[in-house]
Amino acid sequence: MSDVHPDRPTGTPAAEPTGQVAAPPGGRLLAVAKRGAELALWGRVAGQRRLEGRRGIGGGRPAPTSVAPTAVLGDKATWERATAEARSLRLPLHRDLPKNWDALGAVGAILSLVDDGSRRARVMDAGSARYSPVLPWLRLYGFGEQPESLLGINLEFGDVVTRDGVVFRYGDVTATGLEGGALDAITCMSVIEHGVPVEGFLAESARVLRPGGVLVLSTDYDQSPPDTTGKHIYGSQVHIFSPEEIRELVATARRHGLELVGELSDELLAHDERPVHWTRVDLDYTFVLLTFRKI
């Protein structure tokens with residue numbers, strides 16, 4: 001697994017930005033690489049949308065089906081299938097290939113649980129990175145035609161940046177500043193394990209989702225988490241969620257009016273392999289994907 005993880009916020013700032021933003025995780029060289037990946041990605045998205053529009057095929061892309069709304073990445077073959085499906089759907093792949101699994105599940109959940117066919121859903125990617133796949137993929141599916149209907153927020157962002165109609169701005173996932181019920185869906189991919197106050201995030205998500213809206217999150221997970229003592233990155237100790245912590249997260253979400261889509265069984269939380277390797281901290285683990293509906 002590469003070190004091009006998306007979305008690693010560290011802590012919670014004051015409600016209003018001070019003019020300073022968090023230093024880029026990984027240093028300046030990695031920030032330059034990310035910038036290049038971002039520009040290449042959005043250039044491809046804009047060009048691909050124009051080409052598909054001229055050919056009349058933009059609206060004919062089927063919804064993803066290989067990843068359930070709530071699931072654990074059980075083995076390497078599973079993320080390989082998801083990556084192959086994303087490629088077949090003409091979606092630009094995340095270079096960190098296992099991340100295509102949870103991104104595909106998030107987009108599939110929005111298409112199946114939120115979208116009515118109009119592609120008018122308002123979606124926020126919480127803790128976003130401008131090179132992460134969820135918002136570009138939704139753009140290719142035709143979302144984002146209405147102003148600020150696709151939004152990415154992150155503590156790292158300074159000035160507002162727009163990429164092919166998608167708005168990226170400074171924002172705290174526990175205090176977004178959005179009006180209550182403003183969103184149809186929220187995605188949050190590989191973020192909460194990096195120092196985010198989980199209950200604060202869930203409470204804010206429930207507040208800004210409309211009734212029936214959907215929250216899709218993924219996080220680092222293992223049925224028997226490896227020891228992360230002494231392993232720090234992006235301003236906090238590496239954290240890999242255990243089954244007990246995932247059950248507690250689901251219970252906390254329920255208290256805030258977010259019901260899990262699917263069943264959190266012992267069987268679901270088990271996995272045969274640890275198909276994710278994070279080179280920078282030399283850890284093997286997997287991902288869990290959780291989808292909630294606002295009551």
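This is a predicted model: local features need pLDDT of at least 70, side-chain atom pairs count only at pLDDT 80 or more; totals for chains, interfaces and linings use all residues.

Q: Where does A253 sit, and is A253 buried or exposed?
A: A253 is placed in helix α6, which covers residues 243-255, and A253 counts as buried because its relative accessibility is 0%.

Q: How far apart are the C-alpha atoms of A253 and V198?
A: Those two C-alpha atoms are separated by 9.3 Å, while A253 and V198 are 55 residues apart along the chain.

Q: Changing topic, how many residues are in the largest nonpolar core, and which have the most contacts inside it?
A: The largest nonpolar core has 48 residues, and those with the most contacts inside it are L91, W101, L104, L138 and F143. Its largest share, eight residues, is supplied by helix α3, residues 99-113.

Q: And what does W101 touch, leaving out residues up to four places away in sequence?
A: W101 touches V67, A71, V72, L73, T78, W79, A82, F287, V288 and L289. There is also a second, separate core of 35 residues, and V288 is included in that one, along with A126, L178 and L215.

Q: On to charges: how many salt bridges does the structure hold?
A: The structure holds 18 salt bridges. In general, side chains of opposite charge can pair when their charged atoms come close.

Q: Which residue does R35 form a salt bridge with?
A: R35 forms a salt bridge with E38, with the closest N and O atoms 3.7 Å apart. Both residues lie in helix α1, residues 28-55, and are three residues apart, about one turn of the helix.

Q: Why is R35 called partly exposed and E38 buried?
A: R35 is partly exposed because its relative accessible area is 40%, whereas E38 is buried because its relative accessible area is 4%, and the cut-off for buried is under 20%.

Q: What is the distance between the closest N and O atoms in the salt bridge of R163 with E38?
A: In that pair the closest N and O atoms are 2.8 Å apart. The pair links distant parts of the chain, with R163 in strand β4 (residues 161-163) and E38 in helix α1, 125 residues apart. Both R163 and E38 are buried.

Technical notes: Residues are numbered from 1 along each chain as its sequence is written. Side-chain values use heavy atoms; hydrogens and water are left out. A nonpolar core is a set of buried Ala, Val, Leu, Ile, Met, Phe, Trp, Tyr and Cys residues joined through side-chain atoms within 4.5 Å. Buried means under 20% relative accessible area, exposed over 50%, partly exposed in between (1.4 Å probe, protein chains only). Helices (H or I, at least four residues) and strands (E, at least two) are DSSP runs, numbered from the N terminus. Contact means heavy atoms within 4.5 Å. A salt bridge is a side-chain nitrogen of Lys or Arg within 4 Å of a carboxyl oxygen of Asp or Glu.
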